[in-house]
Amino acid sequence: MDAGPSSRRWSSVACPRMDLDTLRDDYDRVADTYVALGVAELDGKPWLRSVLTAFAEQVRDRGDVLDVGCGPGQVSAFLADLGVDVRGVDLSPRMVEQARRRFPALRFDVGSATAVDVPDGSLAGVLGWWSLFHLPRPLLPGVFEGWARALRPGGLALMGFHVGDGEQQRTEAYGGVPVSWTTYRWQPERLAELLTAVGLTVEVEQRFTEPWGSQVVIAARRRAVGAAAT
Ligand SMILES: C[S@@+](CC[C@H](N)C(=O)[O-])C[C@H]1O[C@@H](n2cnc3c(N)ncnc32)[C@H](O)[C@@H]1O
């Protein structure tokens, strides 16, 4: 899945350098605690596992899958166990170190959702599993546009977001680690509009109620060649 000559950077929206640097440092500080606390592990989360299992059935044997913002790698590993040809990228080098340590058979690289180089039409699937919620709102359309380009016809995007309006500023996370970040909540309807605008068709919006707030997983597909427009 190396970038070939036809590869393009998939976000057309520049991300302020400083924001990414701060976020990278924050997640580098958070990474070890994130793993130690097991906050994002899939054990005991049957509904999330069921969504990922359905995704795996849709993308398996159809090509490469990219887990964008893979963190310490457990979602990539879950999919790989189901036969998916997946690799992960994450902004935080420490998260990538953790992923490589925990799942040495899989490939993980440092990279940003705003500038991932993959050839157009090369991916069977792409994930943003609670990894895009720090992006300032104007940047999300550019990332989705890149996804739409990177997916092959019939390819599937899967993403998780915090539901709501507005932003939340945080000064500590995951057991008191100091951070300086913004969580952007999204209404699923608005996400669906953005995905539709880049040519993806929303197939599923699955809501989850968690103690820390309402969550949504959305699956959206690039239309297969020859499929009727809706
Ligand atoms: C809440 S964690 C989720 C990680 C993983 N998807 C999981 O389920 O455990 C958010 C992750 O997104 C990564 N991230 C945040 N902004 C990113 C960006 N612009 N590009 C790539 N990764 C990013 C962070 O480094 C962090 O690992």
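How do the residues of the shell around the ligand divide into nonpolar, polar and charged?

## The ligand shell

In this predicted model, the shell around the ligand is made up of 11 nonpolar residues, seven polar residues and one charged residue. The residues around the ligand number 19, and those that come nearest are Tyr 27, Ala 40, Gly 69, Gly 71 and Ser 131.

## Overall fold

The protein chain is built from six helices and 11 strands. Its radius of gyration is 16 Å, close to the 17 Å that the globule rule gives for 230 residues, so the chain is as compact as a globular protein of that length. Along the principal axes, the C-alpha atoms of the protein chain fill a box of roughly 50 × 40 × 35 Å.

Buried residues account for 37% of the 230 residues in the protein chain. When contacts between residues at least 6 apart in sequence are considered, 68% of them join residues that are at least 24 apart.

## Strand β6 and its partners

Strand β6, which spans residues 123–129, is mostly covered, with seven of its seven residues buried. Strand β2 (residues 64–68) pairs with β6 in the parallel sense over four bridges, and within this pairing Asp 64 stands opposite Leu 123 of β6.

β6 also pairs with strand β7 (residues 151–162), again in the parallel sense, over six bridges.

## Two residues in strands: His 162 and Ile 218

His 162 is found in strand β7, whereas Ile 218 is found in strand β11. Is His 162 buried or partly exposed? His 162 has 17 other C-beta atoms within 10 Å, and is therefore partly exposed, a residue being counted as buried if 20 or more such atoms lie within that distance. Ile 218, by contrast, has 22 other C-beta atoms within 10 Å and is therefore buried.

Setting aside residues up to four places away in sequence, His 162 touches Phe 133, Thr 183, Arg 185, Gly 213 and Gln 215. With its neighbours within four places in sequence likewise left aside, Ile 218 is in contact with Met 159, Pro 188, Leu 191, Ala 192, Val 202, Val 204 and Glu 205.

His 162 and Ile 218 are 56 residues apart along the chain, and their C-alpha atoms are separated by 11 Å. Ile 218 and Ala 157 are 61 residues apart along the chain, and the separation between their C-alpha atoms is 8.0 Å.

Definitions and conventions:
Residues are numbered from 1 along each chain as its sequence is written. This is a predicted model: local features need pLDDT of at least 70, side-chain atom pairs count only at pLDDT 80 or more; totals for chains, interfaces and linings use all residues. The radius of gyration is taken over C-alpha atoms; the globule rule is 2.2 Å times the number of residues to the power 0.38. A residue is buried if 20 or more other C-beta atoms lie within 10 Å of its own, exposed if 12 or fewer, and partly exposed in between; C-beta atoms are placed from the backbone. Two residues are in contact if their C-beta atoms, placed from the backbone, lie within 7 Å. Two strands pair if DSSP finds at least two bridges between them. A residue is near a molecule or strand if its C-beta atom, placed from the backbone, lies within 6 Å of it. Ala, Val, Leu, Ile, Met, Phe, Trp, Tyr, Cys and Pro count as nonpolar, Asp, Glu, Lys and Arg as charged, and the others, Gly among them, as polar.
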